[in-house]
Amino acid sequence: MVITRRKKIDFSVAPSDSEAEGVEFNGRVSNLKSPPKRRKTNKSKQDDDDTAFNHRSSSPKGKGKAVSEQPQLIIRRAGRGGKLRDLMNMPVDIFAEVCFYLEPFDLRRLALTSKRMWDVLMTKESRSLWKRALDAVPDLPSCPRDLNEPQYVFLLFSSECNTTGCGSRGTRVDWYHRVRYCTLCHESEMTTSWILGTDVELRKQFDVDALYDVKHYFVSDPVMRRSRRQAGQTKDENNIRISTLKQATAEYAALSTRFDQVAWLDKLKEDRAYRISTGRAMLEWKSKQIADRSKDIEKVKQARFERYHSLTNSPYKEIIASPLIPVALPSIKIKLLELGWEEQDFPMQIKDFRDFVLKDQKLTTKIWQIILPKLERLLQTERAERLEREKNQRRVAREAVIQEFYQQLGQGTLKLPFKIYHYQSKWFFPNLEDLMELPSVKTIVEEDTETVTEDRWIEVAPDVRMFVLKWWRDSLAKFVTAMETGCSEVVGSDGVETEQTEGETQEDTEGAISLAIEALQDRLAYATSGFISGSAYYARVTWLFQQVQRQISSWSCNMDLIRQDLKPFDSQSKRLVIRMLMDLGFEEPETVRWTEVVKDTKEYLCRRCDERIAKYMDFGELIMHYLDANKWYNEVTDAIRTDPDKCYPSRTGNGELLRIINDHDWLSDDAAILRKDDEASRQAVLNSQVAAVQEWFTSLISDTGVADLPRREIRRGCTLCPAEYAPNPSTTMNIELHIRARHGKEPDLHTDTTRKKLSPDFPCPL
């Protein structure tokens, strides 16, 4: 029989000396479940020098019976014992030595195993065991002064609800109030500042005057805000424990003087700062412990799948040493590799596969027989998909090599009048899909090899060269056909191409195709073989190779799209080009190439425009200038002839129509239509234009007496033109020149023009 002293821990801890007298922060409901009922024994009364360990009277005759101040002895009687009977019969010093090796939570679980263990461990003499267990935990913050060691262990390591009699899991932890509740108990035991301000029934339970003075000292937000941030939550929780707040308001209201209240609040403020600092320390440690535990579990799961059958050269030596994993047991990975599977076949991205292989349980023979058929089905699917992906990757690699060879061969085959860079040829040549239709190239693509060797490409190079030559010949032939027929579409509505031009031959030899390409390029290189590109609102004159070069530079060159965008010159445009070339001094304008007259500089001046406002243009812009002027004249005369009243609403009866002159007529007028100036002549013309504008402004200022007239320049419109065909509002000088050239009369600003705009908005000086 072993005789020990028993001093039971009281969990309703009295306030410490550092707290305000009569104030209990969290109500201190017992954090530990009461021990099982046992036979009544005489209990000793503990000295009152330690508030953390204070036992209560438990007289067999009731609470009113006096308790002896002398320590009582527990006599352990012999009889039938449980599994812990040997542990209870060993000497106390050996029992204490065994407890020194237990972790804090294991020590608490040991105390709950029996009534005798509870009596032994929940005594003041056993406090060293609890401290030793807590000190053995790495980086664990010291026990706060408002908790004893068993309460501290319960808060950090247990998952039970603090409410007595509640068997639910405590998932809501408040590190400021040192409590752990389940969801239901948390809703009943805790509240928030917002609820206190809106719930009238709840406020009736408190002294209202004291409530507003002390409630902010019990808000757990400074600690729990960091907890929510670590958990990725954004919901605001300013939790307040109701029981603690009730006791605090009652104590505060009981104070008689304002001096006592201020001193009490100062002490409360110090305690709050202490709780915030210790609560944050406990929260950080608990978060780190959870993260480390998750990593350890993941390592255990991975080790079940990886090679942990040998201690040597294993990345999981620490895990192997644990009792969770048998050392001699081969892993799932080793077993699968022995069955002929490869590591690339393991579909770790599939959840079902991970659930089978990454379980933290022992891999027995029976379990292996159960999961093997399921694993093989997943592995077969993954292997088939992997092989298909690898096959597609090899095909893409072969196509990339073929594309490289194809572009190099195409640049060497075509003799273009301009340079085409390697990165630009990708958009110029036919699509790779069209090339793949060749039988020889299709064979290379379908061969399941890593790449295409240069020798293999040389075997099919003649077929690819013929493919490029035929494509280029057919493309040029379509443009030549469009010029001859005057239509940009050379494919009928049924999708059948028109007959071959004389540039196309029935012979498909490389030499014959090359000769045909040269002939077609010569026919498209003449200055009279131009096209008009763009819409009716923005059109410009271009030539085929100029347009191709422009499209290649813009990273979007497609011969079919170019053919749809270009409209060939009509007979009138060709006559205009011939007339311009004759004015430039070419004796045979039909044979002049466009590269001889089309330059990057703007050096051509229209002879039909007044030199004071004429602009220098390049050859294509000058052609478009004359075409637009002739188009304007034709549209205006047709509109006046068709419906004169609509063009001139103010016209009365059968009055005489206003005169319209085609000042850019190159068909009936033999006068020169353009002039090519060198740099000196061009600069002289530009200087004269500036002087003419200055002279016009000077004369206008002298007539009106307004010195800042250039800032008040008037924008005028022409009333002699129909409204739909009138020029845009312009300066007075430009409108005057327009009336003289297009209407053949001296302008009258009051009757022939209208004031459209004044810039800036100042009164008109005229």
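The model is predicted. Mean pLDDT for the protein chain is 77. A score of at least 70 is reached by 75% of the residues. Residues 705-711 stay under 50. For this stretch the model has 13 contacts beyond four places in sequence. The pLDDT is also below 50 over residues 759-766. Here the model shows 19 contacts beyond near neighbours in sequence. Where pLDDT is low, predicted coordinates should not be read in detail.

Three strands form an open sheet in the order S8-S7-S9. Their pairing is antiparallel. Strand S8 (539-542) and strand S9 (566-568) are at the edges, and each has a single partner strand, so one side of each lacks a neighbour in the sheet. From one strand to the next, the twist averages 30 degrees. Strand S7 covers residues 531-534 and is joined to S9 by three bridges.

Helix H25 (residues 571-583) packs against helix H27 (residues 619-642), with the axes coming within 11 Å. The crossing angle is roughly 125 degrees. The two helices, H25 and H27, are therefore oblique to each other. The crossing is right-handed. H25 contributes Gln572, Ser573, Leu576, Val577, Met580 and Leu581 to the contact. From H27, these residues meet Phe619, Leu622, Ile623, Tyr626, Leu627 and Asn630. Nine residues of the contact are nonpolar and three are polar. None is charged.

Conventions. Residues numbered from 1 in each chain as written. Predicted model: local features only at pLDDT ≥ 70, side-chain atom pairs only at ≥ 80, totals over all residues. Heavy atoms only, no water. pLDDT = per-residue confidence, 0-100. Contact = heavy atoms within 4.5 Å. Pairing = 2+ DSSP bridges. Helix = DSSP H or I, 4+ residues; strand = E, 2+ residues; numbered from the N terminus. Axes fitted to C-alpha atoms, helices over the stretch in contact; angles between N-to-C directions. Parallel < 35°, antiparallel > 145°, perpendicular 65-115°, else oblique. Left-handed = near helix turned anticlockwise from the far one by under 90°. Nonpolar A, V, L, I, M, F, W, Y, C, P; charged D, E, K, R; others polar.
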